[in-house]
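Dear colleague,

I am handing the structure over to you below. My notes on it follow.

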Amino acid sequence: MTDSLFTPLTLRGTELPNRVMVSPMCQYSAEDGLASDWHLVHLGSRAVGGAGVVMTEATAVSPRGRISPGDLGIWSDEHADALAPVADFVRSQGSVPAIQLAHAGRKASKRPPWEGSTPIPEDEGGWEVIAPSDDPYPYEEGDAPETRSMTAEDIDAVIDQFRSAAERALEAGFEIAEVHAAHGYLLHEFLSPVTNHRDDEYGGSFENRTRLVREVTEAVRDVWPEEKPVFVRISATDWLPDRESWDVEQSARLAPLLAEAGADLVDVSSGGTHPDQQIPHAGPGYQVPYAERVKEATDIAVGAVGGITEPEHADAIVRNGRADLAVGGREHLRNPYFALEAAHELGEDVEWPVQYHRGTFD
Ligand SMILES: Cc1cc2nc3c(=O)[nH]c(=O)nc-3n(C[C@H](O)[C@H](O)[C@H](O)COP(=O)(O)O)c2cc1C
């Protein structure tokens, strides 16, 4: 039988009740990295809405790893304590609580989108940012914060921060840890020759550029229980064909190495390295072909994201074996009950929360 959007998926010892995942989405609403009522209600609603996996936004492994001062963080036990009610509530609704662990690299120290996403100078509360090399992100507006090329000690520290973050995430009750290696943030910056000009063992060759993401994945897998899955989100391409850059064939080469490092699913996104990126048409399912290519290259599961807004489209992606998870971002902002409505539309028998029975369609 073909798997559908509502066929459970077992990864290691963890069963996802369906193939709908709420994509990580920054809310820029934390104070000092601490989760608040907003995060509980926001993520909790999407679990009530029936998504199989509810993933937190990019959650910084260190204060310096935040995109903005409002990002969630998990660099102390206090942060884990603040996230625990979120993980508990998501689980209580039958969804699998997941956390995206992140470091923003040279795209750190920015204002939230509603204040323009412009860089925050250090004298206005911003912070020094670190990256594989010292060329700053080419902001169109505002001076980039000082960008320091990472030393060997910085690299070791980042690996340790991801490991400790995973330990805390586990304590907080999350069942899936996702390593954020996409969208031009730190780990992607190491992968891409556009941002990585190092001449040590972390730069140059494919093997060297992929070393840090492999080591971080291994570190997370090291502390993450055997029966729980680890995901890695990648940008399949920089969308910069006019220069030496990261592309889908390198992503296909990376996927089996991530599997070897302990990953159970590659979550396939794209872009974010440089504002010159040329995305031909960011229409429905525009990144699905990349998920499909990565899936051909590896035995582990793959998630597709980007413009998946229609239940039938999401279902077809899974049924046709193009990806194992249909990951949605903005559609879930518009409609937290996407999964329940999708089940109705697709004629699947899915249990609604008892409190909402009178709202069912039948
Ligand atoms: C408000 C917002 C915040 C986002 N924050 C993150 C994030 O924290 N981590 C991440 O990997 N992607 C982030 N993204 C990208 C989404 O996860 C998703 O990949 C993207 O929106 C494309 O999917 P969609 O077309 O279904 O929205 C964000 C997107 C939005 C709209």
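G303 stands opposite L325 in strand β13 (residues 325-328). From β12 the chain crosses through helix α9 (residues 311-319) to β13, a right-handed β-α-β crossover (clockwise from the first strand over the helix to the second, with the strands pointing away from the viewer). Helices (H or I, at least four residues) and strands (E, at least two) are DSSP runs numbered from the N terminus.

This is a predicted model, in which local features need pLDDT of at least 70 and side-chain atom pairs pLDDT 80 or more, while totals for chains, interfaces and linings use all residues. Residues are numbered from 1 along each chain as its sequence is written, and side-chain values use heavy atoms, without hydrogens and water.

Strand β3 (residues 20-22) also pairs with β13 in the parallel sense, over 3 bridges; the partner of V20 there is A326.

Elsewhere, H180 lies in strand β9 (residues 176-181) and is buried, at a relative accessible area of 5%. Among the residues that H180 touches are A58, Y185 and R233 (heavy atoms within 4.5 Å). H180 and R233 are 53 residues apart in sequence but 5.1 Å apart in space, C-alpha to C-alpha.

Regards

Methods:
Buried means under 20% relative accessible area, exposed over 50%, partly exposed in between (1.4 Å probe, protein chains only). Two strands pair if DSSP finds at least two bridges between them. Lists of a residue's contacts leave out its neighbours within four places in sequence.
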